[in-house]
Amino acid sequence: SLDGIGESKNGCLRLFPHLLSGEGHFLALLEKSGIPAKSSSKSKPAKPDKELSTAIKLLREIVPDLDSLLENGEVVRAGEYLKLLPKGAPDLKGIKIVRQGLHLCRMGRNYVEPDHALAMALHPSQAARVREVTDEEVLPLLCGETVSGDERGWLLFTYKNMPLGWGKASGGI
């Protein structure tokens with residue numbers, strides 16, 4: 001029972017737009033039936049994850065104060081992505097979530113690539129290397145063209161102190 005809505009019928013609530021402020025909604029409480037699968041009592045010791053340690057190392061290089069960013073959440077690996085989930089976030093295993101948490105990087109066997117979401121979440125002062133693009137460079141850069149420079153490694157491109165995304169500088173480009 002909810003104030004202004006009333007009692008549920010058969011575990012369902014119907015919120016009609018003509019009776020409440022806002023859009024109409026339907027809520028239902030679902031319960032999974034059946035016997036849960038037995039878990040194995042024999043657990044294997046966890047192998048050190050080389051990709052994960054490589055990813056954290058890269059993130060520390062491009063975001064020197066990474067610990068202050070990570071202190072408000074829990075770092076979770078989901079496939080090829082490393083994400084930062086809020087502390088106390090519920091376990092959503094079995095539910096397809098398009099983009100849960102802050103994606104930190106994408107990692108594979110031979111690469112680590114910082115995620116665009118991380119670039120947009122940072123203030124430029126938090127990145128180790130920043131490249132402020134000029135009025136003449138910004139449009140070609142956003143269209144996928146290269147810009148020249150003497151930097152090396154991952155850097156945060158900014159325009160008028162606003163983050164645009166990551167770039168990997170090498171060989172003067």
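The pLDDT is the predictor's confidence in each residue, on a scale from 0 to 100. The structure described here is a predicted model, and its protein chain has a mean pLDDT of 85, with 90% of the residues reaching 70 or more. Among the elements of the chain, helix α3 has the highest mean pLDDT, 95, while strand β2 (residues 25-28) has the lowest, 82.

In soluble globular proteins, nonpolar side chains tend to be buried together. In this model, the largest nonpolar core contains 23 residues. Leu59, Ile62, Leu82, Leu104, Leu118 and Trp166 are the members with the most contacts inside this core. At least two core residues come from each of the helices α1 (50-62), α2 (66-70) and α3 (116-121), and likewise from each of the strands β4 (81-86), β5 (102-107) and β8 (153-159). Helix α1 supplies the largest share, 5 residues. Leu59 gives a picture of the packing: beyond residues up to four places away in sequence, Leu59 touches Leu66, Leu82, Leu104, Cys105 and Leu118. Another core, of 7 residues, lies apart from the largest one, and includes Val133, Leu141, Leu155 and Ala169.

Leu141 leads on to helix α4, which spans residues 135-142 and in which Glu137, Val138 and Leu141 are buried. An α-helix has 3.6 residues a turn, so residues three or four places apart point the same way. Viewed down the axis of α4, the buried residues fall within an arc of 105°, and they therefore line one face of the helix. Their packing partners are the strands β7 (130-132), β8 and β9 (162-169). Glu136 and Leu139, on the other side of α4, are exposed. Just after the helix comes Gly144, with a positive phi of about 95°.

Is Thr158 buried or exposed? Its relative accessibility is 1%, and because buried means under 20%, Thr158 counts as buried. The side chain of Thr158 makes a polar contact of 2.5 Å with the side chain of Glu132. With neighbours within four places in sequence left aside, Thr158 is in contact with Pro124, Val130, Arg131, Glu132, Val133, Pro163 and Leu164.

Note on methods. Residues numbered from 1 in each chain as written. Predicted model: local features only at pLDDT ≥ 70, side-chain atom pairs only at ≥ 80, totals over all residues. Heavy atoms only, no water. Core = buried A, V, L, I, M, F, W, Y, C linked by side-chain atoms within 4.5 Å. Buried < 20%, exposed > 50% of the residue type's maximum accessible area, 1.4 Å probe, protein only. Helix = DSSP H or I, 4+ residues; strand = E, 2+ residues; numbered from the N terminus. Contact = heavy atoms within 4.5 Å. Arc of directions from axis to C-beta. Polar contact = N/O pair within 3.5 Å; in protein donor to acceptor, adjacent residues only side chain to side chain.
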